[in-house]
Amino acid sequence: MTRLYYFNIALIVSLTFLTIFTILSALGLIQSSEAAYLIGEASRWCERVSGGLFREPLNTLSNLGFMVVGLYIFWIISHDEEDSKNPFIGISTISLLYASVVIYLGPGSMLMHGTNTEWGGWADNLSMIMYIVLPWLYNIYSMSKWTAKQFLITYVSIIVIYSIWRWFTDWGLGINLNLFGLSIGLWAISETLYKFWSPLFRFLSGFVGFIVLILFGTMPAEVFLNLSEYWWVILFWLPGLLSTNKPLYRRTYKWYFLGMIAYFSAFAIWLTGVPDSELCEPDSLIQAHSIWHLLSALATYFFFLHFRDEKVSS
């Protein structure tokens, strides 16, 4: 097996998807016929809906950023030494999984913006879940007695169950559970627990989730006044419950905070990429949602560097 074996597979799969996607789009076989009346109108993400190759051309093509970053990660790990104890350095189940889900963020979003279909929206949402579940689950794995096989089985089980459940329901899975939003909180909680792990902080770590809610504009008072809607905050204590062991690695957080800066900048821009925003210009060559894609792709690279920066604790 050559050093670039996995990189070559990822490249071939990526190019194959782009070829098939472009051909099917050119033939008009995957765009929504029911939503054809929206052609010429501003889309949900501001860009004017086109009757051409892709319904939202710029918002579609900007997802190439995820594919480029994912392929670059494959390139990096393919050239690493393979005896490293850090699973994000060299070829491992976890590094291959991370690179793969970063690539799939591109096709998933392309299927939504390129077709404006409900199934395209499902594929986009699934790609986001496949990415955002991985970091917090990896953190728990790093603070538990799980094997890499157990980690992978748990991850795949979550994704398969979610994909089926989401297909038949909606973003909230019919039970007011937005797994993407919850996972952002679980990542922050598990990252903080990784840094300050102790038996006491395993309990206290759940309260970090409320800080995340505040950052996104939801105050604790609102949560406790609407517990039927926010029942899932009890899951903020999941990392503490499962993280039974002090982590073996120590981390520096420069790449993590750079990733967060990139993501929150992308999120701020994302808020302006809607039709009712004063900054929305449907015919502009610079679309806010496209910038959201590119900055988010950059964030995934920074987070990759963050996990690679782990060192064995002295």
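These legends go with close-up views of a predicted model.

**View 1. The disulfide between Cys46 and Cys280**.
Start here if you want the one disulfide that the structure holds. As a reminder, a disulfide is a covalent bond between the sulfur atoms of two cysteines. The sulfur atoms of Cys46 and Cys280 sit 2.1 Å apart. The torsion about their S-S bond comes out at about 100°, so this disulfide is right-handed. Look at where the two ends come from: Cys46 belongs to the loop between α1 (5-26) and α2 (57-61), while Cys280 belongs to the loop between α12 (254-270) and α13 (288-308). The pair therefore ties together parts of the protein that are 234 residues apart in sequence. Cys46 is buried, and Cys280 is buried too.

**View 2. Phe210 stacked with Phe224**.
A search of the whole structure turns up 40 aromatic pairs, and this is one of them. The ring centres of Phe210 and Phe224 are 5.7 Å apart, with the planes at 20° to each other. Because planes under 30 degrees apart count as stacked, the pair goes down as stacked. As for Phe210, its relative accessibility is 9%, which means it counts as buried.

**View 3. Tyr256 edge-to-face with Phe257**.
Here is an aromatic pair with another geometry: the rings of Tyr256 and Phe257 are 5.6 Å apart, centre to centre, and there are 70° between their planes. That makes the pair edge-to-face, because planes over 60 degrees apart fall in that class. Tyr256 has a relative accessible area of 7%, so this residue is buried.

**View 4. Arg251 over the ring of Tyr194**.
Now for a charge and a ring. The charged end of Arg251 sits over the Tyr194 ring, 3.6 Å from the ring centre.

**View 5. Thr117 and its surroundings**.
Thr117 is in the loop between α4 (93-115) and α5 (118-142). With a relative accessible area of 12%, Thr117 is buried. Its side chain makes a polar contact of 2.8 Å with the side chain of Thr115. The side chain of Trp119 joins that of Thr117 through another polar contact, of 3.3 Å. Setting aside neighbours within four places in sequence, Thr117 is also in contact with Ile30, Gln31, Ser32, Leu111 and Met112.

**View 6. The largest nonpolar core**.
This core has 76 residues, and the ones with the most contacts inside it are Tyr98, Tyr155 and Phe304. Helix α5 gives the most to the core, with 13 residues. Another core, of seven residues, lies apart from the largest one. Among its members are Ile30, Met67, Met110 and Ala123.

**View 7. Ser127 in helix α5**.
Is Ser127 buried or exposed? At 0% relative accessibility, Ser127 counts as buried. What does Ser127 contact, leaving aside its neighbours within four places in sequence? Its partners are Tyr104, Leu105, Gly108 and Ser109.

Terms used: Residues numbered from 1 in each chain as written. Predicted model: local features only at pLDDT ≥ 70, side-chain atom pairs only at ≥ 80, totals over all residues. Heavy atoms only, no water. Phe/Tyr/Trp six-rings, centres within 6.5 Å; stacked < 30°, edge-to-face > 60°. Buried < 20%, exposed > 50% of the residue type's maximum accessible area, 1.4 Å probe, protein only. Lys NZ or Arg CZ within 6 Å of the ring centre and 35° of its normal. Helix = DSSP H or I, 4+ residues; strand = E, 2+ residues; numbered from the N terminus. Polar contact = N/O pair within 3.5 Å; in protein donor to acceptor, adjacent residues only side chain to side chain. Contact = heavy atoms within 4.5 Å. Disulfide = S-S within 2.5 Å. Core = buried A, V, L, I, M, F, W, Y, C linked by side-chain atoms within 4.5 Å.
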